[in-house]
Amino acid sequence: MATWFNRQSRLVQIILLLIPVVNWFVEIVVRWSAFLKTKSIVTLIFAILVTFFGLVIGWVDLVWCLLFKHLIFANA
């Protein structure tokens with residue numbers, strides 16, 4: 001799912017991150033799939049944080065996605 005999200009156009013990524021509940025769901029799925037692919041401890045920490053505080057981190061990821069076209073520490 002992380003590679004699918006990164007392959008999408010920036011407009012699709014931004015639209016997915018703008019809708020609050022969809023934002024949280026996309027964050028959880030992308031981060032956990034990135035962790036399963038990379039097995040990085042930083043990715044695991046962010047996956048756990050997003051699971052509980054996803055709505056807050058989602059707005060930060062929206063800006064990060066505008067700048068770099070992937071989520072923070074989820075570039076799988």
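Where is Phe 73 found? Phe 73 lies in the segment after α4, and I shall return to this residue at the end.

Colleagues, the model before us is predicted: local features require pLDDT of at least 70, side-chain atom pairs count only at pLDDT 80 or more, and totals for chains, interfaces and linings use all residues. Residues are numbered from 1 along each chain as its sequence is written, and side-chain values use heavy atoms, with hydrogens and water left out.

Let me begin with the helices, which are DSSP runs of H or I with at least four residues, numbered from the N terminus (strands would be runs of E with at least two). Two packed helices are described by the angle between their axes and the distance between the axes. The axes are lines fitted to C-alpha atoms, for helices over the stretch in contact, and the angles run from 0 to 180 degrees between N-to-C directions.

Helix α2 covers residues 10–18 and helix α3 covers residues 20–38; their axes come within 5 Å and cross at roughly 110°. The two helices, α2 and α3, are therefore roughly perpendicular to each other. As to the term, 65 to 115 degrees counts as roughly perpendicular, under 35 as roughly parallel, over 145 as roughly antiparallel, and the rest as oblique. On the α2 side the contact, meaning heavy atoms within 4.5 Å, is made by Leu 16, Leu 17 and Leu 18, and on the α3 side by Pro 20, Val 22, Asn 23, Val 26 and Glu 27.

The pairing of α2 with α4 has an angle of about 175°, with the axes 9 Å apart. That makes α2 roughly antiparallel to α4. From α2, the residues in this contact are Arg 10, Gln 13, Ile 14, Leu 17 and Leu 18; from α4, they include Trp 59, Asp 61, Leu 62 and Cys 65.

Consider Leu 18 in more detail. This residue of helix α2 touches Trp 59 and Leu 62, not counting residues up to four places away in sequence. Leu 18 is partly exposed, because its relative accessible area is 43%; buried means under 20%, exposed over 50%, and partly exposed in between, with a 1.4 Å probe and protein chains only. Between the C-alpha atoms of Leu 18 and Ala 47, 29 residues apart along the chain, the separation is 19 Å.

I turn now to charged side chains. How many salt bridges does a search of the whole structure find? The search finds two, where a salt bridge is a side-chain nitrogen of Lys or Arg within 4 Å of a carboxyl oxygen of Asp or Glu. Because Glu 27 and Arg 31 are four residues apart in helix α3, about one helical turn separates them.

Arg 31 also forms a salt bridge with Asp 61, and here the closest N and O atoms are 2.5 Å apart. This pair links distant parts of the chain, with Arg 31 in helix α3 and Asp 61 in helix α4, 30 residues apart. Together, Glu 27, Arg 31 and Asp 61 are linked in a network of salt bridges.

Are these residues buried or exposed? Glu 27 is buried at 0% relative accessibility, Arg 31 is buried at 1%, and Asp 61 is buried at 0%.

At the surface, a nonpolar patch is formed by Trp 32, Ile 41, Val 42, Ile 45, Ile 48, Leu 49, Phe 52, Phe 53 and Phe 73, with about 870 Å² of accessible area together. Patches are made of residues with over 30% relative accessible area and no salt bridge, like charges being joined within 9 Å and nonpolar side chains (Val, Leu, Ile, Met, Phe, Trp, Tyr) within 5 Å. The areas come from the Shrake-Rupley method with a 1.4 Å probe, and for residues only the protein chains shown count as cover. Helix α4, residues 41–68, gives the most to this patch, with seven residues.

Finally, the backbone. Phe 73 has a phi near 55°, a positive value in a residue other than glycine, and at 47% relative accessibility Phe 73 counts as partly exposed. Lys 39, in the loop between α3 and α4, has a positive phi of about 55° although it is not a glycine. Lys 39 is exposed, with a relative accessible area of 55%.
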